[in-house]
Amino acid sequence: MMIRLLTLAFLLAGSLFAADYEYTLRALAPNTHTYQVEVEVAAQSGEFTLLRLAAWRPGRYYEQDFAAAISQFQVRDAAGANLRWDKVDHHTWRVWHASRPGKIRASYHVYADNMDSGSSYFDKDHYYFNPVNLFMFVPGRYDGDVRLHLPELPADWKLASSLKMAEDGKTLLASSYHELADSPTILAKDMIQISFQDQGATFYLHFHGDVIDRSPETIEAVADMLKAIAREEAAIFGGYPFDEFHFLYRFLPFQLGHGVEHEKSTVISVGASVTDTKEHFVGRLKSLTAHELFHAWNVKRLRPASMWPYDYSKPQYTTLHWFTEGVTDYYTQLVMYRAGLLTEAQFMGILAGTLANLDNNFASSVVSPSMSGYDAWLVRSEYGNPDHGISYYTQGSRLGLLLDLELRNRTENKVNLDVVFRYLWDKYFLQGAGMPEDGVQEACETLTKSSWDEFFDKYVHGTSPVDYTAILEPAGLILNSTQSETPGLRGLGILQSDVISQGILIRKIHPLGDAFVAGIGKNDLILEIDGRSVQGLNADTYVNELKRGKEIRMKVLVNYKDVQEFRVRYEGRYVPLQYTLARGKKLQPAQQQLLDSWMRSAQ
């Protein structure tokens, strides 16, 4: 593959122009981790103007309270006179002024000491920022040109961003607040930057941080991996939806695996590793790369109608996160296999792990995929029931597999999930519209000319156990299930526990397990088992040696104060399932055809 080092040429845009928003960004002393922001904007008509900071960011569907980082807010009119202000809510400032004040200029400090992919940070060596959590806007005023001035930017620093730099070398340009908010940016002296072209699109790769292996061979291996993924994903939709795309790879001094999607870029943050070989280096990036790039189609362009357009001021509810995030996760694995980045055994192992993860989680029996997405806005509440915690990523990944194979089963392999995506793309995104809540089901019904009510009622809006055989068998796939013969305390439904000086502290317990049925709960402390102190007793080994039906006496400290004795009958009501998924040994021709079509490259 031909790759090239980046130069400033591709970053330079035309001359400066009049803008609807004029921002200026400076950094205070590095040890303060604080940016100073100024925003100049035309005042609203009437006696006041509202300035607001986003309450959330696309890609993370709960309120993040970015306004907590704001301090030293002040505002002046065009003549430089101070204006009075107060707050309407925790992220909205109301600036009082005369009825025709012209432009107003607000300034404020933003604390920026979070290094994950969706936040902002700076130190003496670089700026990293997500504009959505730095720059205030007038509510509802998202259109219009934007200039972001960087007066202190050193001349020898490099830019990693989908935003273009003006000819002055110190001003970033955006066509709207939406574009600004959607454009994470790194400015730093030390970055490895390369690019390549494929099918009319240019891909820019920016590596920042402690990249242990800087050899051209390793960097080119990442580019090869990315090109293989990009071609597979483009084939599903019929081409790239962008002229250029930027990968901002950040290597951090602690362990992390985090990515955030954007229309023309993505930020992928991982921990730097001194043990990296070329293969390990690429391996740590490939899954996040495949997932975040797929979002360039699914959710950044094809997205729920409730988020079309984005409103950063309030929650935008949808039941479709199982599709936007979870099905993206399913395609992450499928694309990597099709691109030759996973072996068949690895691919099947990941799918089997997803199924086991859900079937071992009590929450999957009480929280539907549609509701886990709709209630994502509550995920940070301290009042949530820990037994109801479940990921719409995992739920949607399983649904992606079920939908894909069921579509093929019903249509003699003529319709699949790739076809559904193209149908939705044409019907909604290309028509400038968001996808309705029932859009996926409608697409399946239209394309297969059959009802999908039962499937969606059971598996999307309900919590019915999945009939794996009915869905997997036509593709010649066999799901084998076993239970651990040595589950230890997990065999009693005690899923997580810590041995402390006083006993065994229960951190997580299965609501259908033997211990819970007997009356023991989370945060209870096991003191004795069958009259023996747990100090020095290997509780896991002790339970493993028991026969089913055996009754165990447990002395337990309950509610931090009451010592009670419980009789726990070891029935193995909950013992974790272990799944393996593989193709059958003797497949019928129809099974072989379906299986081959499913796993074959889309190119």
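Biologist: What makes the link between the side chains of Thr218 and Ser215 a polar contact?

Modeller: In this predicted model, local features need pLDDT of at least 70 and side-chain atom pairs count only at pLDDT 80 or more, while totals for chains, interfaces and linings use all residues. Residues are numbered from 1 along each chain as its sequence is written, and side-chain values use heavy atoms, with hydrogens and water left out. A polar contact is a pair of N or O atoms within 3.5 Å; within protein, one must be able to donate a hydrogen and the other to accept it, and residues adjacent in sequence count only if both atoms are side-chain atoms. The side chains of Thr218 and Ser215 are 3.0 Å apart in their contact, therefore the pair meets the distance limit of 3.5 Å.

Biologist: Why is Thr218 called buried?

Modeller: Buried means under 20% relative accessible area, exposed over 50%, and partly exposed in between (1.4 Å probe, protein chains only). Thr218 has a relative accessible area of 1%, so it is buried. This residue is found in helix H2; helices are DSSP runs (H or I, at least four residues) and strands are runs of E (at least two), numbered from the N terminus.

Biologist: What makes the pairing of Asp198 and Arg231 a salt bridge?

Modeller: The term requires a side-chain nitrogen of Lys or Arg within 4 Å of a carboxyl oxygen of Asp or Glu. The closest N and O atoms of Asp198 and Arg231 are 2.8 Å apart, so the pair qualifies. The two residues link distant parts of the chain, with Asp198 in strand E16 (residues 192-198) and Arg231 in helix H2, 33 residues apart.

Biologist: Are Asp198 and Arg231 buried or partly exposed?

Modeller: Asp198 counts as buried because its relative accessibility is 4%. Arg231, at 31%, counts as partly exposed.

Biologist: How do you know that Arg573 and Asp514 meet in a salt bridge?

Modeller: The N to O distance between their side chains is 2.8 Å, and the limit is 4 Å, so the pair is a salt bridge. Arg573 lies in the loop between strand E27 (562-569) and strand E28 (577-583), and Asp514 in helix H12 (residues 514-518), 59 residues apart. Arg573 is partly exposed, at 45% relative accessible area, whereas Asp514 is buried, at 1%.

Biologist: How many salt bridges does a search of the whole structure find?

Modeller: The search finds 27. Arg26, Glu38, Glu40, Lys103 and Arg105 are linked in a network of such bridges.
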